[in-house]
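Open the model in your viewer and keep the selection panel at hand. Each stop below gives a selection and then what is there.

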Amino acid sequence: MSSKLFRFLAALIVGMVIATGLYKSLLGENSEPWEKVGFDSLKSAMQEGLVQMHWQWQYEGRPESILYESTRPERVLMNAKGWPALKPSEESCRAFLDIFAGDVLVEVSGLELEVNIMQQLGIDVELLEQEYINDTGEFVDICSYRRMGQKIEYHLGTGNLF
């Protein structure tokens, strides 16, 4: 009976080793860290937000500013083309990102926590002055948002996000 028990345990251990190897190869190496997925989600939220701001500006009769609501209501100055009018500064770039990745109140098991997505993802903010020539041949300032191997660039006043 001990040989049957030994074979059973050996088969169980081999099965567990194979299952662990499959798990690592299928899920472990190919799964993206939450930070990468979070940064990609942030880019999608910014793209959607820019479109919403533009359509809201159109709907409200093209005012100088709109009250945009994402995680909290935010007054956004708009330019004549219907895009956020940001001053070319790192502070403005940071404030724009804060609309989408600022403090969010999260409730976990009845406990409310304030989480700053920008800090959690480790996003660096930089203003690139007169860096890009747009379709009309004009130089455009860029708000650059970066984290390990990922970046988002917003071309100020154009609605273009890359």
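Colour by secondary structure first. Along the sequence the pattern runs α-α-β-β-α-β-β-α-β-β-β-β. That comes to four helices and eight strands. Helices (H or I, at least four residues) and strands (E, at least two) are DSSP runs, numbered from the N terminus. The model is predicted: local features need pLDDT of at least 70 and side-chain atom pairs count only at pLDDT 80 or more, while totals for chains, interfaces and linings use all residues. Residues are numbered from 1 along each chain as its sequence is written, and side-chain values use heavy atoms, with hydrogens and water left out.

**Whole chain.** Show the surface. The protein exposes about 10900 Å², and carbon and sulfur atoms supply 57% of that. These accessible areas come from the Shrake-Rupley method with a 1.4 Å probe; for residues, only the protein chains shown count as cover. Of the 162 residues, 33% count as buried. Buried means under 20% relative accessible area, exposed over 50%, and partly exposed in between (1.4 Å probe, protein chains only). Among contacts (heavy atoms within 4.5 Å) with a separation of 6 or more, 43% join residues 24 or more positions apart.

**Select 34-59.** An α-helix has 3.6 residues a turn, so residues three or four places apart point the same way. After helix 2 comes Gly-61, with a positive phi near 90°.

**Select the core.** Which residues touch the most other members of the largest nonpolar core? They are Leu-42, Met-46, Met-53, Phe-96, Leu-97, Tyr-145 and Tyr-154, out of 29 residues. A nonpolar core is a set of buried Ala, Val, Leu, Ile, Met, Phe, Trp, Tyr and Cys residues joined through side-chain atoms within 4.5 Å. Now centre on Met-53. Not counting residues up to four places away in sequence, Met-53 touches Ile-66, Tyr-68, Val-76, Met-78, Pro-84, Phe-96, Ile-99 and Phe-100.

**Select the rings.** Ring pairs link Tyr-68, Phe-96, Phe-100 and Tyr-154 into a cluster. Rings of Phe, Tyr and Trp (its six-membered ring) pair if their centres lie within 6.5 Å; planes under 30 degrees apart are stacked, over 60 edge-to-face, the rest tilted. The structure holds three aromatic pairs. Tyr-68 and Phe-100 are tilted, 6.2 Å centre to centre with 55° between the planes. Tyr-68 sits in strand 1 and Phe-100 in helix 3, 32 residues apart. Phe-96 and Tyr-154 are stacked, at 4.9 Å and 25°. Phe-96 is in helix 3 and Tyr-154 in strand 7, so this pair ties together parts 58 residues apart in sequence.

The one disulfide joins Cys-93 to Cys-143, S to S 1.9 Å. A disulfide is a pair of cysteine sulfur atoms within 2.5 Å. Cys-93 lies in helix 3 and Cys-143 in strand 6, so parts 50 residues apart in sequence are tied together. The S-S torsion is about -80°, so the disulfide is left-handed.

Buried or exposed, what is Glu-153? Buried, at 13% relative accessible area. Glu-153 is in strand 7. Its contacts beyond four places in sequence include Cys-143, Arg-146 and Asn-160.
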